[in-house]
Amino acid sequence: MTLKDKTVFISGGSRGIGLEIALRAARDGANVALIAKTGDPNPKLAGTVYTAAAEIEAAGGQALPIVGDIRDEAQVEAAVAQTVERFGGINACINNASAINLSGTEALDMKRYDLMQDINTRGTFVVSRTCIPHLRKAQNPHILTLSPPISIEPRWLVPHVAYTIAKYGMSMCALGFAAELNGDGIASNALWPRTLIATAAVQNLLGGDEAMAASRKPQLYADAAYAVITRPSRECTGNTFLCEDVLAEEGVTDFDAYAYVPGSTPQVDLFVDHV
């Protein structure tokens, strides 16, 4: 199964992991709709929805770039409507957009708390909810949410209660949708890496060059996401997958090729060493 002529709707796909997932789909000849806030170049962040669209089309796909904020229900509804009008439907919904702040409880102001809850959990809910009527009509429909396995051990809450709540909220959406939509044949899964992934967030917020050197390339996430959303939707739902486990099931044995710095030792991700 491939994504040729299928339509993938991705939140936050102007750079990083979202863009890599889009490019992997584009190499099959997929249609890709991107909704992201970055319409104008930002000196601190590479890429816009328009540069991402150009890369998608150069890779062999059809692109629909949409400047929008997933915190705004009306903007999400308009973006989904544009996607359906342009491509005729939606086969996969990728909840990639996310905000991160690892501050402790007293150090985190409520504006940043609200931002994480609104983009991560609420945004996942709104984007998925808006796509569901179209997924119900689609061939092999999938919702894929980029969020971690859930553990209620205190050590995952102590360092950053607010961020953990926001990411676990995404995973709870993924698991809840899987149960709710099982009868419709719409798959819903969460996907998370075992190690850091080299993105702007890692560079700017999680340790700079040192953290990047201990990261894997976004292509690892993209290859795993592709593997999940091309599996039969009625047979692959209700999982909180780890990227490396998915790729191992696909026959990948050499993960060194994904190292951001060849020969480096990847750093385990925030939510993974309990798995």
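Visitor: What makes the charged end of Arg-231 count as sitting over the ring of Phe-241?
Guide: In this predicted model, the charged end of Arg-231 is 5.7 Å from the ring centre of Phe-241. The cut-off is within 6 Å, together with an angle within 35 degrees of the ring normal. Arg-24 is also placed over a ring face, that of Tyr-226, at 3.7 Å from the ring centre.

Visitor: Why is the pair of Phe-125 and Phe-177 called tilted?
Guide: Stacked needs planes under 30 degrees apart and edge-to-face over 60. The planes of Phe-125 and Phe-177 stand at 45°, so the pair is tilted. Their centres are 6.0 Å apart, and the limit for pairing is within 6.5 Å.

Visitor: What does this pair tie together?
Guide: Phe-125 belongs to helix 4 and Phe-177 to helix 5, so the pair links parts 52 residues apart in sequence.

Visitor: Why is Phe-125 called partly exposed, and why is Phe-177 called buried?
Guide: Buried means under 20% relative accessible area and exposed means over 50%. Phe-125 has 43%, so partly exposed is the term. Phe-177 has 6%, so the label is buried.

Technical notes: Residues numbered from 1 in each chain as written. Predicted model: local features only at pLDDT ≥ 70, side-chain atom pairs only at ≥ 80, totals over all residues. Heavy atoms only, no water. Helix = DSSP H or I, 4+ residues; strand = E, 2+ residues; numbered from the N terminus. Buried < 20%, exposed > 50% of the residue type's maximum accessible area, 1.4 Å probe, protein only.
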